[in-house]
Amino acid sequence: MKVQPFIALLAVAAFSGCAALDGDTRQNGADRDDDPDRVLSEAALLESEKLAVAVGDDVLKRAVEAKLDGTGEDANTELDGAIDPSLKEEAEKARERLDTANSEVRDSEGTGDMDLWIRLRSLYQLDPDITNRRIEQQLSWYARHPKYIERVVERGSRYLHHIVNEVEARGLPGELALLPIVESAFDPFAYSHGRASGMWQFIPSTGKYFGLKQSWWHDQRRDILASTDAALNYLERLSNRFNGDYMLALAAYNSGGGTVSKAIRKNTNRGKPTDYWNLGLPRETRAYGPKLIALAKIFENPEAYGVTLPKLSDEPYFEVVDIGSQIDLAQAAELAGVDIDEIYLLNPSYNRWATSPEGPHRLLVPITNAPRFKERLAALDTNSRVAWQNYEVKSGDTLIRVANRYGTTPAVLQEVNNIDGHLIRIGQSILIPTAQGGSGNYALSASQRLAKKQASGGSSGQGKRVERKVRSGDTFWDIAREHKVSVRQLASWNGMAPGDPLMPGKTLVVWSQASPQTTTTASNDRNDKMVRKVGYRVRSGDSLSVIATRFSVAINDIAGWNDLNKARYLQPGQNLVLYVDIRTSP
């Protein structure tokens with residue numbers, strides 16, 4: 001099979017030199033766009049043809065399977081790199097609470113009228129009798145792995161009552177309340193290499209379209225209330241787009257409305273049925289609906305599949321408390337009488353040690369602790385909610401330097417101090433927000449886990465730890481190849497996705513597998529090579545091996561650059577990003 005690269009792009013690139021990685025190779029999220037940060041129009045959103053892969057579900061599935069063969073595997077995805085890196089050391093421990101029995105929401109007596117599952121089943125609207133090989137395959141896996149069902153129920157126990165309420169209030173199919181299992185395995189911190197985030201797996205552009213704010217302080221794609229509202233809004237619009245057919249809406253949620261419309265037109269022209277089960281959809285999308293239908297069947301009649309469904313009481317787990325203004329999260333936990341990790345599990349959107357000064361000024365608190373929290377909050381001086389440090393500007397200071405020194409951003413300092421522009425003067429007094437507690441008090445706000453990974457060299461702990469400053473023209477591929485590591489490893493050690501842009505001056509942690517002489521030579525020679533970023537569209541008959549051989553690159557590198565699962569087949573028409581030496585490539 002002859003491979004045809006984009007010759008024009010190669011020609012232009014040959015004269016332009018290496019550029020920092022600016023492509024986005026996402027495969028995940030509620031939508032996928034060429035620019036994940038752009039603001040979409042409704043037409044662009046509903047007609048998208050971008051495939052979404054729900055990684056959170058696959059991660060937990062692999063972990064459950066690994067437990068069976070004794071190998072063990074992490075059941076969680078990486079945390080979003082936007083979460084403060086200094087606050088992650090205890091995140092793993094706190095995050096484990098998602099998988100532990102939550103007695104607060106259990107109906108220990110098992111009384112029928114207090115069982116959330118009974119209400120959920122009463123809301124089912126999708127065809128309960130449908131069965132086919134694709135559904136049976138999913139049912140078989142779940143029946144063989146009852147531990148998976150137990151774990152997703154434990155994870156979802158804090159959130160399910162709210163989601164079921166929202167689904168019922170809108171008159172939507174009750175099965176949709178189980179969709180976060182498919183999307184993220186009910187992990188509100190789930191983050192894909194494609195920059196999809198949260199329980200409902202929104203990428204930045206789709207989140208922005210539905211009003212999910214993403215700032216230094218917080219990311220509402222992880223907000224329990226806001227993301228659930230946005231996901232159900234999206235599903236309603238897609239349902240309307242396909243005349244009330246929720247199976248087609250689910251397919252569009254995964255692969256884009258344009259993809260589904262194109263498949264319908266193709267079947268119509270051939271005189272074939274145009275329902276979900278007969279459409280020629282991407283492989284991931286063909287499995288997406290069967291997963292949800294299989295889960296609905298198991299939750300409808302768990303005994304028939306040998307599954308014991310943990311009981312959940314039909315009562316709210318949390319209360320939404322109006323806090324009025326910004327508050328330190330460690331202080332909020334103390335006022336409520338709960339651990340900080342409980343605050344973060346209910347309020348996972350926060351990237352920092354405090355709520356956002358811009359709001360929304362609300363906090364989710366366990367309902368049993370809400371009265372105490374509200375009483376103590378009312379007695380607290382508003383000025384004592386957040387700690388501030390007074391800093392006097394010295395010679396040589398800039399907003400960027402001061403911000404970096406205190407772990408904040410120039411934008412935050414400008415906002416807090418009403419500074420227009422970037423100029424500050426010697427002797428000027430600047431207020432800097434600071435955490436009241438030690439970093440260990442902010443386990444899930446996000447970032448000590450990254451520090452721990454960097455300190456240990458990731459899961460392998462091999463190699464020599466070096467700090468590499470990004471230079472103009474650097475790419476993930478350049479630096480990974482220089483140190484004989486994979487692009488995925490390099491991105492993971494630094495809380496980034498392989499498609500994220502590298503900014504000159506940023507310091508990366510690398511657990512180098514190369515000798516110092518090799519890295520020096522590679523660094524010096526890199527600019528002499530004619531390595532260029534090219535786009536390639538997959539053709540019929542292509543495989544990772546065929547493309548790797550044609551362009552003299554490694555299969556693992558192609559997978560890393562494009563966030564691909566090597567076990568899955570490439571699809572004709574799929575766009576790939578490659579970094580090739582044009583002197584040795586066709």
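Visitor: At roughly what angle do the axes of helix 6 and helix 7 cross?
Guide: First, a caution: this is a predicted model. Now the general idea. Two packed helices are described by the angle between their axes and the distance between the axes. Here, helix 6 (residues 133–144) and helix 7 (residues 146–156) cross at roughly 85 degrees, and their axes come within 4 Å. The two helices are therefore roughly perpendicular to each other.

Visitor: Which residues make the contact?
Guide: Helix 6 brings Trp141, Tyr142, Ala143 and Arg144, and helix 7 brings Pro146, Tyr148 and Ile149. By class, six are nonpolar, none is polar and one is charged.

Visitor: Which residue is found in the loop between helix 6 and helix 7?
Guide: His145 is found there.

Visitor: Is His145 buried or exposed?
Guide: His145 is buried, at a relative accessible area of 7%. Look along the chain as well. Val307 is 162 residues away from His145, yet their C-alpha atoms are separated by 8.8 Å.

Visitor: How do helix 12 and helix 13 pack?
Guide: Helix 12 (residues 246–255) and helix 13 (residues 257–269) have axes 7 Å apart, at an angle of about 125 degrees. That makes helix 12 oblique to helix 13. On the helix 12 side, the contact uses Leu248, Ala251, Ala252 and Ser255; on the helix 13 side, it uses Gly257, Thr259, Val260 and Ile264. This contact has five nonpolar, three polar and no charged residues.

Visitor: What span should helix 13 have?
Guide: Take 1.5 Å a residue. The 13 residues of helix 13 should then span 18 Å, and the end C-alpha atoms are 18 Å apart, which agrees. Buried residues in helix 13 include Gly258, Ser261, Ala263 and Asn267. After helix 13 comes Gly271, with a positive phi near 70 degrees.

Visitor: Which residues touch the most other members of the largest nonpolar core?
Guide: The general idea is this. In soluble globular proteins, nonpolar side chains tend to be buried together. In this model, the largest nonpolar core has 94 residues, and Tyr253, Phe299 and Phe373 touch the most other members. Helix 11 (residues 224–241) gives the most to this core, with nine residues. Another core, of 34 residues, lies apart from it and includes Met496 and Leu570.

Visitor: Where is Tyr253 found?
Guide: Tyr253 is found in helix 12. It counts as buried, at 0% relative accessibility.

Visitor: Which residue other than glycine has a positive phi near 60 degrees?
Guide: Phe186 does. Its place is the loop between helix 9 (179–184) and helix 10 (204–209). At 1% relative accessibility, Phe186 counts as buried. Now take Lys484. It is not a glycine, and it has a positive phi of about 60 degrees. Lys484 sits in the loop between helix 21 (476–482) and helix 22 (487–493). Lys484 is exposed, with a relative accessible area of 52%.

Visitor: Which peptide bond is cis?
Guide: The bond from Gly359 to Pro360 is cis, with omega near 5 degrees. Find Pro360 in the loop between helix 16 (340–346) and strand 2 (362–366).

Visitor: How many helices and strands does the protein chain have?
Guide: The chain has 25 helices and eight strands. Of its 586 residues, 55% are buried.

Technical notes: Residues numbered from 1 in each chain as written. Predicted model: local features only at pLDDT ≥ 70, side-chain atom pairs only at ≥ 80, totals over all residues. Heavy atoms only, no water. Axes fitted to C-alpha atoms, helices over the stretch in contact; angles between N-to-C directions. Parallel < 35°, antiparallel > 145°, perpendicular 65-115°, else oblique. Contact = heavy atoms within 4.5 Å. Nonpolar A, V, L, I, M, F, W, Y, C, P; charged D, E, K, R; others polar. Core = buried A, V, L, I, M, F, W, Y, C linked by side-chain atoms within 4.5 Å. Buried < 20%, exposed > 50% of the residue type's maximum accessible area, 1.4 Å probe, protein only. Expected span 1.5 Å × (residues − 1).
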